[in-house]
Amino acid sequence: MSMLRDLLTPFQSAFSEARLGRERAHWFFFILLAVIVPFTSSMISNLLRALQTLFGLDISARRFYQFMASIQIPWNRLWPTAWNLIPEPMVAGRLLLALDDSLSNKSGKQIFGCGFFFDHTAKINQPKHPWAQNIVLLGLLKPIKGRWSCLPLVSRFYHRQKDIGMAPGSPGWPWNQWPDAAGIRRTLLL
């Protein structure tokens, strides 16, 4: 467990020194441990159960879900920390990246990030353009213990320009807040 603590401690420095920042850092640390420890699947409800059972945290379901949906988690500082913890990201002198999109079908009309997206994996009895969220993931391809793995680097909702009615570069454009980390923003906008 000390190896996990040493591995996960750098993430805590990304949070602010205020009382709430320290609390978020503490919870973030234990949530990462709950995902890593093979206690149960990493579904959100099971993570809450693992936090309460394995680590003895006294946290209400409401408070936990508020934390998981919080916009106060400093992802712009956490992602570079995660990237810097990957030892030797190059494979034969090249950086291998994979870009993938996944559709998550929805039924409500007021759900964030939804739109009609083309589903290239649709079966005969499924719609070709379902109402769904389209999540784009950029990952690092790397052999780990002799098997190829994809280590996720960043993921975002994909929004079509016509759905949000904004032009790139306008103040409300959602990708203005992304760090440009090695052209990731430019790659996802293509």
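A residue counts as partly exposed when its relative accessible area lies between the buried limit of under 20% and the exposed limit of over 50%. Arg 63 is therefore partly exposed, because its relative accessible area is 35%. This residue belongs to a predicted model, and it takes part in a charged network described below.

The protein chain contains seven helices and four strands. From the N terminus, the order of elements is α-α-α-α-α-β-β-β-β-α-α. The chain has 190 residues, of which 30% are buried. Its exposed surface comes to about 12,600 Å². Carbon and sulfur atoms supply 59% of that area. Among contacts with a separation of 6 or more, 48% join residues 24 or more positions apart.

Three salt bridges were found in a search of the whole structure. One of them pairs Arg 63 with Glu 23, at an N to O distance of 2.7 Å. This pair links distant parts of the chain. Arg 63 lies in helix α4 (residues 61-68) and Glu 23 in helix α2, 40 residues apart. Glu 23 also forms a salt bridge with Arg 19, with the closest N and O atoms 3.6 Å apart. Arg 19 and Glu 23 are separated by about one helical turn, because they stand four residues apart in helix α2 (residues 19-36). In an α-helix there are 3.6 residues a turn, so residues three or four places apart point the same way. Arg 19 is exposed, with a relative accessible area of 63%. Shared partners join Arg 19, Glu 23 and Arg 63 into one network of salt bridges.

Another salt bridge connects Glu 17 and Arg 22, whose closest N and O atoms are 3.7 Å apart. Glu 17 is exposed at 65% relative accessible area, whereas Arg 22 is partly exposed at 32%.

Helix α3 (residues 44-53) contains Leu 48. The relative accessibility of Leu 48 is 8%, so this residue counts as buried. Beyond its neighbours within four places in sequence, Leu 48 is in contact with Ile 59, Ala 61 and Phe 64. Leu 48 and Phe 64 are 16 residues apart in sequence, and their C-alpha atoms are 7.1 Å apart.

In helix α5, the buried residues are Leu 78, Trp 79 and Thr 81. They lie on the same side of α5, because they cover an arc of only 160° around the axis. Ala 82 is also placed in helix α5. Its relative accessible area is 22%, so Ala 82 is partly exposed. The C-alpha atoms of Ala 82 and Pro 152 are separated by 9.7 Å, although these residues are 70 positions apart along the chain.

The loop between α5 (75-84) and β1 (97-105) holds Met 90. With 46% relative accessibility, Met 90 counts as partly exposed. Together with Leu 95 and Leu 97, Met 90 makes a nonpolar surface patch of about 290 Å².

A disulfide is a covalent bond between the sulfur atoms of two cysteines. A search of the whole structure found zero disulfides. Cys 114 is buried, with a relative accessible area of 14%. Cys 150, by contrast, is partly exposed at 37%.

How values were computed: Residues numbered from 1 in each chain as written. Predicted model: local features only at pLDDT ≥ 70, side-chain atom pairs only at ≥ 80, totals over all residues. Heavy atoms only, no water. Patch = residues over 30% accessible without salt bridge, like charges linked within 9 Å, V, L, I, M, F, W, Y side chains within 5 Å. Areas by Shrake-Rupley, 256 points an atom, 1.4 Å probe, with all protein chains shown as cover. Salt bridge = Lys/Arg side-chain N within 4 Å of Asp/Glu carboxyl O. Helix = DSSP H or I, 4+ residues; strand = E, 2+ residues; numbered from the N terminus. Buried < 20%, exposed > 50% of the residue type's maximum accessible area, 1.4 Å probe, protein only. Contact = heavy atoms within 4.5 Å. Arc of directions from axis to C-beta. Disulfide = S-S within 2.5 Å.
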